[in-house]
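Biologist: Could you take me through this model and show me what backs up each label we put on it?

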Amino acid sequence: MFIQIAPRVRVFISESQLEFIEQHSQGTFRDTDLSPEEVKTVKVLADKAIFVRKKLDNGMQYALNRSIRFVKNAN
């Protein structure tokens, strides 16, 4: 599946990443609340601009980027 970040900019995500996005799409969360495997996943998704991050004194806070769109049938 692809996610459109901006016009003519799409990023591919896997099924496991899509499940992670669906689980954490409501509100914000911290990296201290996640398991080590989930921390790796959220860092990859933040690098792809799907999640936005905010640096805190004792960790990182993440939220879903509001300007993305899910594209199911992309070439």
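Predicted model: local features only at pLDDT ≥ 70, side-chain atom pairs only at ≥ 80, totals over all residues.

Biologist: How do you know that the span of helix 2 agrees with its number of residues?

Modeller: Helix 2 covers residues 36-47, so its 12 residues at 1.5 Å each should span 16 Å. The C-alpha atoms at its ends are 17 Å apart, which agrees.

Biologist: Which residues of helix 2 are buried, and what makes them one side of the helix?

Modeller: The buried ones are Val39, Val42, Leu45 and Ala46. They cover an arc of only 130° around the axis, so they sit on the same side of helix 2. An α-helix has 3.6 residues a turn, so residues three or four places apart point the same way. On the other side of helix 2, the exposed residues are Pro36, Glu37, Lys40 and Asp47.

Biologist: And what covers the buried residues of helix 2?

Modeller: The cover includes helix 1 (15-23), along with strand 3 (28-30), strand 4 (51-56) and strand 5 (59-64).

Biologist: Now helix 1. Why is Gln17 called buried?

Modeller: Buried means under 20% relative accessible area. Gln17, which is found in helix 1, has 13% relative accessibility, so it counts as buried. Its side chain reaches the backbone nitrogen of Ser14 at 3.1 Å, and the cut-off for a polar contact is 3.5 Å. Leaving aside neighbours within four places in sequence, Gln17 is in contact with Phe12, Thr41, Val44, Leu45 and Lys48. Leu45 is also one of the buried residues of helix 2.

Biologist: Why does Gln4 count as buried?

Modeller: Gln4 has 14% relative accessibility, so it counts as buried. This residue is found in strand 1 (residues 2-6). The Gln4 side chain reaches the backbone oxygen of Ala6 at 3.4 Å. Not counting residues up to four places away in sequence, Gln4 touches Val9, Arg10, Ser67, Ile68, Arg69 and Val71.

Biologist: How do you know that strand 1 pairs with strand 2?

Modeller: Two strands pair if there are at least two bridges between them. Four bridges join strand 1 to strand 2 (residues 9-12), and the two run antiparallel. Arg10 in strand 2 is the bridge partner of Gln4. The two strands form a hairpin with two residues between them, and Arg8 in the turn has a positive phi of about 65°.

Biologist: What joins strand 1 to strand 6?

Modeller: Three bridges do, and strand 6 (residues 69-71) runs antiparallel to strand 1. In that pairing, Ile3 stands opposite Phe70.

Biologist: Zooming out, what is the pattern of the protein chain, and what makes the chain as compact as a globular protein of its length?

Modeller: There are two helices and six strands, and along the sequence they follow the pattern β-β-α-β-α-β-β-β. The radius of gyration of the protein chain is 12 Å, close to the 11 Å that the globule rule gives for 75 residues, so the chain is as compact as a globular protein of that length. Along its principal axes, the C-alpha trace spans about 40 × 20 × 20 Å.

Biologist: How many of the residues are buried, and how much of the contact count comes from residues 24 or more positions apart?

Modeller: Buried residues make up 36% of the 75 residues in the protein chain. Of the contacts with a separation of 6 or more, 50% are between residues 24 or more positions apart.

Methods
Residues numbered from 1 in each chain as written. Heavy atoms only, no water. Expected span 1.5 Å × (residues − 1). Buried < 20%, exposed > 50% of the residue type's maximum accessible area, 1.4 Å probe, protein only. Arc of directions from axis to C-beta. Contact = heavy atoms within 4.5 Å. Polar contact = N/O pair within 3.5 Å; in protein donor to acceptor, adjacent residues only side chain to side chain. Rg over C-alpha atoms; globule rule 2.2 N^0.38 Å.
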